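Please read the points with the structure open.

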Amino acid sequence: MTEKFTLGDMEVEVTFKDIKNVHLSVYPPEGKVKISAPARMDLDTVRVFAIGKLAWIKSRQKKLREQERETPRELLDRESHYVWGERYLLQVIERDTMPRVELTPGKMLLYVRSGTSVEKRREILDEWYREQLKIAVPPLLAKWEPLMGVKVKRFFVRRMKTRWGSCNPETGGIRLNSELAKKPPECLEYLVVHEMTHLLEPTHNDRFMVLLERFIPRWKFYKEELNRLPVRHEEWGY
């Protein structure tokens with residue numbers, strides 16, 4: 001069941017589900033607010049929860065509206081693409097061979113068969129980015145698991161529109177946004193440690209912040225860097 005209420009000039013959409021806790025999300029590009037709440041909870045209680053989070057919601061909306069976005073990618077020659085924070089100029093090479101992506105100094109070579117559509121080119125590149133992340137994450141887990149005293153049972157790479165990562169403490173799994181492969185490696189490491197910290201503390205309470213500060217003392221710098229860099233252009237839908 002879905003209901004709505006307003007806080008000033010802000011509309012909040014609430015979906016009641018068979019869940020234990022309240023989940024608040026602020027969606028790009030303009031900061032649409034959605035809340036998932038336990039089915040047993042009434043709307044007035046959810047409203048009080050939202051009022052308590054109002055300062056955070058407005059701060060998050062401001063950041064989303066100010067964040068630079070990439071222009072739509074058309075997968076054409078000399079288009080700019082980023083890998084681990086470095087800029088590369090795309091060169092599309094049509095050749096009767098298996099599609100693949102290669103990096104050379106300053107260039108990203110995209111090999112495709114003649115007549116390959118823009119959408120298919122995008123799928124090839126998106127899959128390549130996912131693979132880069134799948135390669136980069138295991139060494140980070142191997143480094144941090146003994147230091148933090150936790151075990152990540154599984155990790156998933158997904159294209160996510162609203163967050164850089166998430167963690168399910170009950171299953172021991174973490175999810176990471178494939179866009180992280182475009183950001184500097186230290187941003188990925190910060191995000192991985194952030195999600196792993198949720199295995200020790202599920203919420204963003206004081207204990208979580210103390211733990212994160214212990215593991216990554218410069219976490220605020222990496223967070224700001226991650227949110228400063230351009231994010232992918234999307235046709236946002238809800």
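This is a predicted model: local features need pLDDT of at least 70, side-chain atom pairs count only at pLDDT 80 or more; totals for chains, interfaces and linings use all residues.

1. Cys167 takes part in none; the nearest cysteine sulfur belongs to Cys187 and lies 20 Å away.

2. Now take the pair from the other side. A disulfide is a covalent bond that joins the sulfur atoms of two cysteines. For Cys187, the closest cysteine sulfur is the one in Cys167, at 20 Å, which is too far for a bond. The cut-off applied to such a pair is 2.5 Å.

3. Is Cys187 buried or exposed? Cys187 is buried: its relative accessible area is 0%, and the limit for that label is under 20%. Cys187 is one of the buried residues of helix H4.

4. Look at the length of H4. The helix covers residues 185-197, which makes 13 residues. At 1.5 Å a residue, H4 should span 18 Å.

5. How much of H4 is enclosed? Of its 13 residues, 11 are buried, so the helix is largely enclosed by the rest of the structure.

6. Finally, check Glu13. This residue sits in strand S2, residues 10-17. Glu13 is buried because its relative accessible area is 16%, against a limit of under 20%. Leaving aside residues up to four places away in sequence, Glu13 touches Thr2, Glu3, Lys4, Lys32, Val33, Lys34 and Ile35.

Notes: Residues are numbered from 1 along each chain as its sequence is written. Side-chain values use heavy atoms; hydrogens and water are left out. Helices (H or I, at least four residues) and strands (E, at least two) are DSSP runs, numbered from the N terminus. The expected span of a helix is 1.5 Å times one less than its number of residues. Buried means under 20% relative accessible area, exposed over 50%, partly exposed in between (1.4 Å probe, protein chains only). Contact means heavy atoms within 4.5 Å.
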